[in-house]
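Thanks for making the time this morning.

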Amino acid sequence: MNKKILFFVAAFMLVANVAKAQDEDDNYIFTHLGAGLSLGLDGIGVEVAAPCTPYLGIRAGISFIPKINIKNINFDYTRKGIDGKGKVDAAFKKIDGKLLFDAYPFGNKYSFHVTAGLFIGNNDLATAQVWEDSEAPFDGYVIPESNNPNNYVVEAGPSSASNKSIKARVKYNVVKPYVGIGFGRMVPKPNKRVGVSCDIGVQFHGKPSLQAYSWEGKKYLDVTAGDIKSLLDEKGSTIDDVYKYKDKFIVWPVINIRITGRIF
């Protein structure tokens, strides 16, 4: 994925340079190129940008949130009437390539812009591994296949380990459409070398799904709240609440500030 994103950005810069050579007399179409560094809820970003007309600009780049590891989250559970204390190790990461189009309704007069485009990146937003308590161990095959309840395909494992575990992940769409608004220009005007811009908007990443890893099948499978409750003998509403809020989390907010510079 990282090599594809870098190739995408390099291709954008090549097209901009070729267009500049061909349209040297044109005041707008790819006659300037800028670059920027951003920081915000979408992480750390690096972009290149070029103006197309006084009313339209194009930019491409990457944004990422470095991997965050969270260790030793303790929780209580009950399995077959025996109380146990489990442990969760979790990780979070996010990286996207992006292609965005900035529309300036007021042309060169004001720097307000409306943005639309795509973020394309990883689809495993978070991963976790749940470790059992040896006093209240997980059963071997516990989560039934969705289209065949009698066929148990996702198991707590590996069975050879002294303490078995469940691997899970939150998965969402690879392609995430984006819309937003902002202030500032991605390529500073010719009389300036450095500028500041900001954006606010949302990525539409779709409804996330929760998946558990099948140690036997060597792949992730979708699981439901009922599957998890059958594993932990969960009687309360905690897991139902998790699923309820998960289904409402269909967008990723984007608020960032950017330092931009004009290359030529």
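Let me begin with a question: what percentage of the 264 residues in the chain do buried residues make up? The answer is 41%, and please keep in mind from the outset that this is a predicted model.

As for the fold, the chain has 3 helices and 14 strands. If we take the contacts between residues at least 6 apart in sequence, 68% of them join residues at least 24 apart. The accessible surface of the chain comes to about 14200 Å², and carbon and sulfur atoms account for 63% of that.

Now to confidence, where some care is needed. The mean pLDDT of the chain is 79, with 74% of the residues reaching 70 or more. Confidence is highest in strand β10, residues 175-183, at a mean of 97, whereas it is lowest in helix α1, residues 2-22, at a mean of 50. Over residues 18-27 the pLDDT is below 50, and this stretch has 8 contacts in the model beyond near neighbours in sequence. Where pLDDT is low, the predicted coordinates should not be read in detail.

With a cut-off of 2.5 Å between cysteine sulfur atoms, the count comes to 0 disulfides.

Key. Residues numbered from 1 in each chain as written. Predicted model: local features only at pLDDT ≥ 70, side-chain atom pairs only at ≥ 80, totals over all residues. Heavy atoms only, no water. pLDDT = per-residue confidence, 0-100. Helix = DSSP H or I, 4+ residues; strand = E, 2+ residues; numbered from the N terminus. Contact = heavy atoms within 4.5 Å. Buried < 20%, exposed > 50% of the residue type's maximum accessible area, 1.4 Å probe, protein only. Areas by Shrake-Rupley, 256 points an atom, 1.4 Å probe, with all protein chains shown as cover.
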